[in-house]
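Hi,

Here is the model I promised to pass on. Have a look at it first, and then read my notes below.

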Amino acid sequence: MSAPTPEAAELAPAADPHVAATNSDSARASLETLRSEIAKAVVGQDPAVTGLVVALLCRGHVLLEGVPGVAKTLLVRALAASLELDTKRVQFTPDLMPSDVTGSLVYDARTAEFSFQPGPVFTNLLLADEINRTPPKTQSSLLEAMEERQVTIDGSPRPLPDPFLVAATQNPVEYEGTYPLPEAQLDRFLLKLTVPLPSREDEINVLTRHADGFNPRDLKAAGIRPVAGPADLEAARNAVARTSVSPEIAAYVVDICRATRESPSLTLGASPRGATALLSTARAWAWLTGRDYVTPDDVKALALPTLRHRIQLRPEAEMEGVTADSVITSVLAHVPVPR
């Protein structure tokens, strides 16, 4: 395709900043209603909801960690219903094959040809349930999909829908029969979100809802309706891309990640990819809170979920009760904040 001529460029309408601002405000208002819409099905878990929205804005993926029964699956289904996005769920098991995720070529006897049958990865929101229960070969089948937004079958790349997000869950307390995700795959997740047990008041609310007839398998009956869509997400992503980052903020992000590499409690610190991820999530959070520039507080707010899965503790530090979150918190306390 040839480049436009200077005359054509002069005749092309310039992007109206007022229209862009209006679209940005409208998209932000739509995404802000997600919390109340998802709350019709999921009690509490606001940080997890916000994290999933941030991941969608950054075109990233999310690792959800929590014990069974804290509504991880319901949270993803409610998000998809609120955004009018297609969602599919894969239960990862030891006998799951890569083709069960990506799809495969199937011989059609009527045409005497092979045709491609897409797997569940061809969706907008893929719930990879208990991803650490499947062997590394099947885990790695998601790497290309997560990084390149495509699946290659028999040498032919097949693009995935946009938006595309993998929300993978894992159980933090049951390790028998599991295959821990390698660092290379953990690094592909933009955020690692912890889904805690609800407070006493929230748990009473959950039981009250069930007593009143709430059915988690029927979200329409719960009153969940689409409050945003792909167009809102695209407008929001464009607005996030316009969120300014000062050189001081960029240096602050780098200093935080470099400090993790020098921590005596860690064998592995945050990589440059981790620094890029932290900058991206901080920009998305700044825009969601109504600003067109990033502050140090935005970086601090997203540091834990963005970096906790990108660092590795020394065994002796782990035995002493040190956690990834405590190391990052200590780093944030000691790295000078730009003024």
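**Notes on the predicted model**

Leaving aside residues up to four places away in sequence, Q139 touches I131, N132, T134, Y179, P180, L181, P182 and Q185. Q139 sits in helix α6, residues 136-139, and at 1% relative accessibility it counts as buried.

**The sheet**

Now for the strands. There is an open sheet of five strands, in the order β2-β5-β8-β1-β9, and the pairing is parallel. β2 (87-91) and β9 are the edge strands, each pairing on one side only. On average, neighbouring strands of this sheet are turned by 20° against each other, direction ignored.

Going through some of the pairs:

- β2 pairs with β5 (residues 125-129) in the parallel sense, over five bridges; in this pair, T87 stands opposite L125 of β5.
- β1 and β8 (residues 165-170) are also parallel, with four bridges; V62 has A167 of β8 as its bridge partner.
- β1 and β9 (residues 191-194) pair in the parallel sense over four bridges, and here E65 stands opposite T194 of β9.

So what about the faces of β1: are its residues buried or exposed? Both faces of this strand (residues 62-65) are covered, with V62 and L64 buried on one side and L63 and E65 buried on the other. Note that E65 is part of that buried set as well as being the residue opposite T194.

α4 lies across β1, β2, β5 and β8, and runs at about 175° to β5.

**Helix packing and the cores**

How do α10 and α12 pack? Helix α10 (residues 230-241) meets helix α12 (residues 272-288) at an angle of about 110°, and their axes are 9 Å apart. The two helices are therefore roughly perpendicular to each other. On the α10 side the contact is made by A236, A239, V240 and A241, and on the α12 side by R283, A284 and W287. By type, the residues of this contact divide into six nonpolar, no polar and one charged.

W287 turns up again in the largest nonpolar core, which has 71 residues. The residues with the most contacts inside that core are L31, L57, W287 and V299.

Where is L160? L160 lies in the loop between β7 (156-159) and β8, and is buried, with a relative accessible area of 10%. Setting aside residues up to four places away in sequence, L160 touches V121, F122, A145, R149, Q150 and V151. If you want a distance to orient yourself, L160 and S82 are 21 Å apart in space, C-alpha to C-alpha, and 78 residues apart in sequence.

Most residues other than glycine have a negative phi, and most peptide bonds are trans.

The peptide bond from D162 to P163 is cis, with omega near 5°. P163 is in the loop between β7 and β8, and L160 lies in the loop between those strands too.

E130 is not a glycine, yet has a positive phi of about 55°. You will find E130 in the loop between β5 and α6, where it is partly exposed, with a relative accessible area of 24%.

R149 also has a positive phi, near 60°, and is likewise a residue other than glycine. The loop between α7 (141-148) and β6 (150-153) holds R149, which is partly exposed at 22% relative accessible area. R149 is also one of the residues that L160 touches.

Cheers

How values were computed: Residues are numbered from 1 along each chain as its sequence is written. This is a predicted model: local features need pLDDT of at least 70, side-chain atom pairs count only at pLDDT 80 or more; totals for chains, interfaces and linings use all residues. Side-chain values use heavy atoms; hydrogens and water are left out. Buried means under 20% relative accessible area, exposed over 50%, partly exposed in between (1.4 Å probe, protein chains only). Two strands pair if DSSP finds at least two bridges between them. Axes are lines fitted to C-alpha atoms, for helices over the stretch in contact, and angles run from 0 to 180 degrees between N-to-C directions. Angles under 35 degrees count as roughly parallel, over 145 as roughly antiparallel, 65 to 115 as roughly perpendicular and the rest as oblique. Contact means heavy atoms within 4.5 Å. Ala, Val, Leu, Ile, Met, Phe, Trp, Tyr, Cys and Pro count as nonpolar, Asp, Glu, Lys and Arg as charged, and the others, Gly among them, as polar. A nonpolar core is a set of buried Ala, Val, Leu, Ile, Met, Phe, Trp, Tyr and Cys residues joined through side-chain atoms within 4.5 Å.
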